[in-house]
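Please look over the sequence and the model first, and then follow the points below by topic.

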Amino acid sequence: MENKTDNKTSRNLYRKNLVRSVITVMITIMIMLPFALSASAKAAPESFSGIVKKASPAVVYISTKITMKNKFYSSPYGQNDPFRDFLERYFGERMPPSEIPRGGLGTGFIIDKEGYILTNNHVIEKADEIKVTLDDEREFQAKIIGRDPETDVALIKIDGADNLKALELGDSDNLEVGDWVVAIGNPYGLGHTVTAGIVSAKFRNNVMGGTFDNFIQTDASINPGNSGGPLMNINGEVIGINSAIYSQTGGSVGIGFAIPVNMVKDILSMLKAGKIERGYLGVGIQDINADLKNKFNLESENGALINRIYADGPSEKAGLKIGDVIVEFQDKEIKDTNEVIRLVSSTPVGTKAKVVVIRRGKKKNFTVTLGSRPSTDDEKAMNSPYKVDLGLDLETLTPEKARRYGISETEGVVVLRVEYGSPAAEAGLKPGDLILEVEQKKVKTVEEFNGELKGRKDGETILLLVKREDATVFLTLKIAED
């Protein structure tokens, strides 16, 4: 009798343990299944060869020729210098040419069968000649259709090419940190080179110092010559245009940056039309920190504080004032200045935009008719706004440009060219000099430099503080009289 009871008890215990084990396994599967599926979905493909074979015919190699004026080193008489024969005969010297040809390399990719190609603006700007080489080694001369220095995007076109393959533009907003990406480019002129990596970060806006910086960061190897090439997802869709690298050596260290393709799609129709027009509020704005939040009695640090109202601009006409905090634009909440810039610039010129601000603790609604954002094209910024040409070509220094030029500072105004016999040459300025101050006031941009000289009288002498190699020196620049 005891054996039967013991057996029955053992069977019941076995059944209970079995049920518990099954339940435990089922619960474990239910918990782990979503993670397993997620891991499977994000897993690297066995090979990227399929993406590469499909995309390569649409990726092009771009070479440019740029003619630079050699005014600083050439004679004021050019090639007709009366002393030329004398110098060549008795000293064996040859007068330098008045123009110096320079070449450039880059990458681009075809976006349709009509021959439109996207690339970086810095690849083709100032080019006298643009040559596009296809993957099948056919060569074509390209023309610039439209370019946007503020986002570093350009659209060029080749004619007469048949059987063109085009890349599909994806959706960069759907990109996640950790997603696999593939880059194709022409590093150092080697030809088609493929690299792969992941998205390291998004929304990098402190890279190039540009108004619309919003880069995708990747560890896919990018080097000089990759500029303008596509960054693609594992579906072979373009989600970015490779544009810059962070490097202290000039080579890839695993930190590259690409322009999100959605930013490009926003302006593509304007690029094709050859003119970029962005919405413009006519205000200067800044982010809000904890101290400003307390001073302005704000509930949070969200919003953009207006610190300047431009005369006769859209905001002045609408009644906005310095000290107003923009908290909504077109019914969208504002977190920071970057969001204001992005929303306003993507809104068509002439739109009657609803702007909500906080003024002295109270919300106020305004309707602002957006104007057209003034161009900040580098070429226009470099042109002298004065009656007398100072004989200078200048460029605002950014961290990326400082690395490119080998300059330890990250702020200031770089001298690119000095014209022979100009006021700048008389002052002793040289290409490569970094202007730090004008009349003992710091200048960080070309616009600030121009602003300090604006309104100066003919014959007036201006004090400059200049860094040259490892030394700083004061120079005096005299504005030439008519």
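Asp148 stands opposite Val153 in β6. The model is a predicted one, in which local features need pLDDT of at least 70, side-chain atom pairs count only at pLDDT 80 or more, and totals for chains, interfaces and linings use all residues. Residues are numbered from 1 along each chain as its sequence is written, and side-chain values use heavy atoms, with hydrogens and water left out.

**Strand β6 and its partners**

- Strand β6 covers residues 153–158, where strands (E, at least two residues) and helices (H or I, at least four) are DSSP runs numbered from the N terminus.
- Strand β5 (residues 139–148) is joined to β6 by 6 bridges and runs antiparallel to it, strands being paired if DSSP finds at least two bridges between them.
- The two strands β5 and β6 make a hairpin with 4 residues between them, and in its turn Asp152 has a positive phi of about 65°.
- Strand β3 (residues 116–120) is also antiparallel to β6, with 5 bridges joining them, and Tyr116 has Lys157 as its bridge partner in β6.
- Of the 6 residues in β6, 6 are buried, a word that means under 20% relative accessible area, with exposed being over 50% and partly exposed in between (1.4 Å probe, protein chains only).
- In a regular strand the side chains alternate between the two faces of the sheet.
- In β6, Val153, Leu155 and Lys157 point one way while Ala154, Ile156 and Ile158 point the other way, and all are buried.

**Rings and charges**

- The charged end of Lys157 sits over the ring of Tyr116 at 5.5 Å from its centre, which requires NZ of Lys or CZ of Arg within 6 Å of the ring centre and within 35 degrees of the ring normal.
- The charged end of Lys272 also sits over the ring of Tyr116, 4.8 Å from its centre.
- A search of the whole structure finds 2 aromatic pairs, meaning rings of Phe, Tyr and Trp (its six-membered ring) with centres within 6.5 Å, stacked if the planes are under 30 degrees apart, edge-to-face if over 60 and tilted otherwise.
- The rings of Phe48 and Trp180 have centres 6.0 Å apart and planes at 50°, so this pair is tilted.
- Phe48 lies in the loop between α1 (2–42) and α2 (49–55) and Trp180 in strand β7 (residues 180–185), so that the pair links parts of the chain 132 residues apart.
- Phe48 is buried at a relative accessible area of 19%, whereas Trp180 is partly exposed at 28%.
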